[in-house]
Amino acid sequence: MFLNRANRENWMLLGASMLFVLASALFVYKQTYIFLALPILLIVGVWAIFSPSKVFYALVFLAPLSVTLRWIIPDLSFDFWFPTEPMLVFLLVLLIAKSLSERYFRIELFNQPVFWAILFFLGWILVTIAASEMVIVSLKYFLVRFWFIGVFFYMAYMLFRKNLSNIDRFLWAYIAGMLVVILWASYKQVSLGFLNQKAAHGASTPFFIDHTSYGAAIAFSIPILVAFTFHAKSKLKKFLIGALTIFFVFALVFSYSRAAWLSLAIGLGVWLLIALRIKFRTVAIGSILLGAFLYFFIGDIISHMEKNTTESSGNLMEHVQSIYNIRTDASNKERVNRWNAALDMFVERPFFGWGPGTYMFLYAPFQRSQNTTIISTNLGTGGNAHSEYLGLMSDAGVLAVLGYVLIIVFALSTGLKGLSKIPDKRYRRINIACVIGLITYVFHGFLNNFLDADKIAAPFWGFIAIIVAINLHFTMGINNGTRERENSI
């Protein structure tokens with residue numbers, strides 16, 4: 001006798017549950033615990049299909065909290081950020097599928113120079129894979145950039161254009177994730193002492209690999225918190241957000257990330273120029289004069305820097321002075337070593353480069369003996385180029401770094417030009433805060449490169465999406481005389 005439909009479904013559910021229990025027992029016996037994450041992944045998958053926007057905000061919250069898979073399973077032959085990168089891939093596939101099925105695209109982006117710069121950047125990276133010394137590494141590099149941009153820029157832009165209040169959700173989700181990391185790092189530092197500089201280097205692990213990326217993420221967050229403090233309507237909210245801002249500044253100081261300190265100082269300087277309404281022409285002339293001064297006196301400047309023997313330490317003043325110590329400070333000297341290696345790689349292959357993402361595997365032979373330090377390795381296993389710009393030059397040639405620079409230039413120019421066109425004071429402040437946040441990383445990128453990590457990619461591409469969405473909202477409006485179809489996300 002055949003079972004009715006309800007009974008069949010019950011037996012199927014019971015059978016599937018028994019199979020999962022048996023499989024779990026087998027994997028636990030073999031000490032392979034990753035299989036136990038399957039129910040979570042299934043729940044996230046169903047959640048993503050029916051409510052992708054909530055998964056997106058969960059992703060943004062988890063970006064600062066993600067850990068490398070090898071931290072969970074040490075013996076793996078591969079690695080990625082968990083759980084965020086699987087979520088990114090899932091959201092990107094869903095976004096592409098929905099866009100194709102509904103034949104929908106935000107066509108107004110074609111009028112945005114920053115969007116064309118992004119397409120040029122991704123397109124050139126894709127082209128250089130063919131000339132790569134390590135094709136698999138370069139392909140992975142491209143895919144990581146593709147899903148970061150697809151989700152943190154394009155999907156974010158779609159949500160922001162649909163409703164500007166989604167910008168607040170994005171920003172608070174990231175700040176909330178960062179707050180958890182800061183509390184964790186501060187708890188670890190309390191027991192070891194906040195003046196223990198060496199302890200600070202690993203305080204943010206396992207969430208951040210080192211203190212420099214941790215500092216960069218905090219520097220992204222502080223301008224946003226300042227904007228929220230100014231806009232808070234009640235005295236209680238103003239006090240609470242102001243206190244949170246001070247806590248983030250405290251965390252930045254005791255991250256001992258000199259690059260982050262410097263980048264935020266430069267961001268503050270740009271904010272002063274905006275507040276004082278200094279004309280762009282004046283800034284451009286001043287920048288040209290400064291560049292000419294550096295060019296003609298570079299020898300004297302380097303000579304002065306070489307006389308500085310103050311090394312990084314728990315003493316904050318000494319730590320600041322060590323920023324320009326290129327004589328004895330191992331960290332600074334190693335940066336110079338990596339930069340010179342990147343430049344030599346670029347000179348040998350200036351157009352196509354050695355392959356996206358390959359610098360860390362290929363830079364060893366390009367090290368010069370006079371530049372190596374006590375932390376250098378002959379095998380070149382020390383990591384990346386410590387510069388977004390030089391890393392791109394060595395990896396994918398001059399056009400790659402040109403594309404990256406154009407993205408930055410067009411994003412910042414869009415944000416700065418829009419200041420006089422945004423009537424809403426709240427979103428004008430958020431727009432300025434995102435511009436300042438981006439500027440912190442523009443300068444941080446001269447000293448480090450972290451855009452291959454979700455925790456830095458999320459605010460970088462997200463801030464660009466916010467700038468574009470706010471400016472289009474107030475220049476085009478939601479309806480600009482042409483029919484715009486609302487997206488279902």
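Predicted model: local features only at pLDDT ≥ 70, side-chain atom pairs only at ≥ 80, totals over all residues.
Reader: What makes up the protein chain in terms of helices and strands?
Author: The protein chain has 21 helices and two strands.

Reader: How much of the chain counts as buried?
Author: Of its 489 residues, 48% do. The cut-off is under 20% relative accessible area.

Reader: What share of contacts join residues at least 24 apart?
Author: The share is 73%, taken among contacts between residues at least 6 apart in sequence.

Reader: And what is the accessible surface of the protein chain?
Author: It comes to about 24,800 Å². Carbon and sulfur atoms hold 70% of that.

Reader: Why is threonine 212 called buried?
Author: Its relative accessibility is 10%. Buried means under 20%. Threonine 212 therefore counts as buried. It sits in helix α10.

Reader: Which residues does threonine 212 touch, leaving out those up to four places away in sequence?
Author: Threonine 212 touches Ser257, Arg335, His444, Asn448 and Phe450. A contact needs heavy atoms within 4.5 Å.

Reader: What makes tyrosine 256 stand out in its phi?
Author: Its phi is positive, about 60°, although tyrosine 256 is not a glycine. Most residues other than glycine have a negative phi. The loop between α11 (235-253) and α12 holds tyrosine 256.

Reader: Is tyrosine 256 buried or exposed?
Author: Its relative accessible area is 0%. The cut-off for buried is under 20%. So tyrosine 256 is buried.

Reader: How do you know whether the peptide bond from threonine 205 to proline 206 is cis or trans?
Author: Look at omega, which is near 10°. The bond is cis. Most peptide bonds are trans. Proline 206 lies in the loop between α9 (197-201) and α10.

Reader: Why is a space called a cavity and not a pocket?
Author: In a cavity a 1.4 Å probe fits but cannot get out, whereas a pocket is an open set.

Reader: What lines the largest cavity?
Author: Phe121, Tyr141, Arg145, Glu388, Leu392, Tyr404, Leu451 and Trp461. Helices α7 (135-162) and α18 (388-396) each supply at least two residues of that lining.

Reader: How does that lining divide by residue class?
Author: Six residues are nonpolar, none is polar and two are charged. Tyr counts as nonpolar here, and Arg and Glu as charged.

Reader: How much space lies in the second largest pocket?
Author: About 1,800 Å³. It is lined by 43 residues, and the closest to its centre are Val270, Trp271, Ile274, Leu416 and Ile436.

Reader: Which elements give two or more residues to the lining of that second largest pocket?
Author: They are α10 (211-231), α12 (258-275), α13 (280-296), α19 (398-417) and α20 (425-444). Of these, α12 gives the most, with 11 residues.

Reader: What is the nonpolar, polar and charged make-up of the second largest pocket's lining?
Author: It divides into 32 nonpolar, five polar and six charged residues.

Conventions. Residues numbered from 1 in each chain as written. Heavy atoms only, no water. 1 Å grid on protein atoms, 1.4 Å probe; cavity = no way out; pocket = protein on both sides within 12 Å on 5 of 7 lines; lining within 4 Å. Helix = DSSP H or I, 4+ residues; strand = E, 2+ residues; numbered from the N terminus. Points joined across faces, edges and corners; volume = space filled by probe spheres on them. Buried < 20%, exposed > 50% of the residue type's maximum accessible area, 1.4 Å probe, protein only. Areas by Shrake-Rupley, 256 points an atom, 1.4 Å probe, with all protein chains shown as cover.
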